[in-house]
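Here are some exercises on how two chains pack against each other. Grab the viewer and try each one before you read its solution.

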2 protein chains.
Amino acid sequence: MAKSNLELVKDCDSFPYYEDDRAYYTQNLSKYYAFRVSGFDATLGYILNTVVGRFPWSESWTVDSSAQTVTLNAPADATPALRSKLVGDDIAQSVKLGLFEVLKGWRNEKYPVYGLGGEYLLEMERSAACLFGIVTYGAHMTGYVQDATGLKIWVPRRAKNKQTYPNMLDNTVAGGMCTGERPFECIVREAMEEASLPESIVRETVMARGCVTYTHVRDARAGGETALLQPEVEYVYDLKLDPSVIPKPGDNEVAEFQLLSIPEVQEALARGEFKPNCAVIMVDFFIRHGILTAENEPDYLEIVARLHRRLEYPTASHCSK
Amino acid sequence: MAKSNLELVKDCDSFPYYEDDRAYYTQNLSKYYAFRVSGFDATLGYILNTVVGRFPWSESWTVDSSAQTVTLNAPADATPALRSKLVGDDIAQSVKLGLFEVLKGWRNEKYPVYGLGGEYLLEMERSAACLFGIVTYGAHMTGYVQDATGLKIWVPRRAKNKQTYPNMLDNTVAGGMCTGERPFECIVREAMEEASLPESIVRETVMARGCVTYTHVRDARAGGETALLQPEVEYVYDLKLDPSVIPKPGDNEVAEFQLLSIPEVQEALARGEFKPNCAVIMVDFFIRHGILTAENEPDYLEIVARLHRRLEYPTASHCSK
């Protein structure tokens, strides 16, 4: 059964909206505890009740079951490094006790957590981000060629042995942003690492085109515990390539690159061959390039809004000015 | 005091968000009645309490002050034409009694109202749309020139005697969509009427680039009653023009066109010279063209999300397939 573009978006942006059904939204939210840091008036993520029940909360934390909050009680003068250590120690303990499947996919990369106004509060191991339901950040680039026969997109297939979503189709270049990294530098680095694209071409030609945001509820396809929240920001880039420039796998994460026509990409999307969050980046590309329009896509307005979900948590500022 | 880009967005998307402050959102919503049509399970707009108190509701309506709903009780087999007549009769009575300032700006154009799944329910006079708080639809196009000196935008100034926002700066071409009109045909028509752009150039070159959505709360600048809700969908188009093509006023709504550089447009935006909803279309253009980026705009994520608000009402499908 072919997936519609709205179904692809719903697969990725799968957390309910308050305005659709206020009672259901509130009931669903009761399955989670709010993750907070003392001294900061913001919910930084949502932790599934079953995770709250199993996580080895040390004395650094206050778990309030009536307010449904889990609060890190760092000292008032704590640095981000200290907060990170307190969180990290308990995550390490979880690994030691083998409590969570998702931590078996240990990445050894640190993801940042921001408070109001984009204040950097702490960082934590990437694979633990979904346990705390914190916002994560990445950059996705669509490399395309425009010639007399039309527009074609460079589409990689993920390696068969990749830990997550093996063998699925992906965006030309995509990667997560660790603490301290900015979107532009992330995409330049990933373009070299994943697609062997020359740094000079990427720096001079790549265009920032906005961002796609959504709240994903992890399902079986992601592996590990399900119903964990994964709110994400993906900075979106386009790179128009000369037909003579051929991306090629630069690490062992990509099996191969194919240059696909728009109908070929659309058919692969409809067959569910793209990794879910890469599918929505393609849908965004089609909207930005006038391939999907109000006149040919029945769910146009719902799709555009859901590609840009306003996240209910403080988010980063990557501004360098 | 120069306006930031986020302030420009907030000027336009001025209705609160539930996730920011649940208590305030709910309290603010209590200033409005939900507009409904019997037989259709959806809120179609929000009507300010003071409007509910003054509007001459005929026997076609049920006003429920405990549920805070105003429901049009059309017969179960009513056609859109009949529903439109029932609503239109009471709007006409309001005009006769001189009850509302906004109706003094009578447009003699009909705006459609849609139920779930984009079902067409009824239409009403354009100037009454904000009394009922229904979603309205328009199309905005940015005409630009790219030459050796960079990108420049054709910016019109509204006529001094225009009813709304006189003398302010506007998008190259913009217009509201009446019942039955689709976005592409709307922008082609308006490009000829407002900017004297040749139809063939527009049809062949204009590119659909998505849409911008927001919920505006009318303030004094709009004229007439304040605090009325105006949720809007603006389909967004770009038109790259050859430097030899010069737009010129085609009707009496535009005073003049100027070709402005990006810094000139940004300075005019910061001075508040653009009509509020045209300002956000410019901000969207800057994001889509890599002029505003995550690295140079501190409020990038909040801006992108709020340019694409998910409206809490059923919306149209303009799909012709």
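Predicted model: local features only at pLDDT ≥ 70, side-chain atom pairs only at ≥ 80, totals over all residues.

Residues are numbered from 1 along each chain as its sequence is written, chains are lettered from A and ligands numbered from 1 in the order in which they are written, and side-chain values use heavy atoms, with hydrogens and water left out.

**Exercise 1.** Work out how much area chain A and chain B bury between them.

Step one: count contacts (heavy atoms within 4.5 Å); 48 residues of chain A touch 48 of chain B. Step two: take the buried area (accessible area, 1.4 Å probe, lost on being put together, summed over both parts); you get about 3,700 Å², 57% of it on carbon and sulfur atoms. Step three: on the chain A side, Glu295(A), Leu301(A) and Arg310(A) lose the most, together 24% of what that side buries.

**Exercise 2.** Find the salt bridges between chain A and chain B.

Look for a Lys or Arg side-chain nitrogen within 4 Å of an Asp or Glu carboxyl oxygen. The count is six. One of them pairs Arg310(A) with Glu302(B), closest N and O atoms 3.1 Å apart.

**Exercise 3.** Which residues touch Tyr235(B)?

Skip its neighbours within four places in sequence; among the contacts left are Ala294(A), Tyr300(A) and Leu301(A) from chain A, and Tyr137(B), Met177(B) and His318(B) from chain B.

Key: Buried area = accessible area lost by both parts, 1.4 Å probe.
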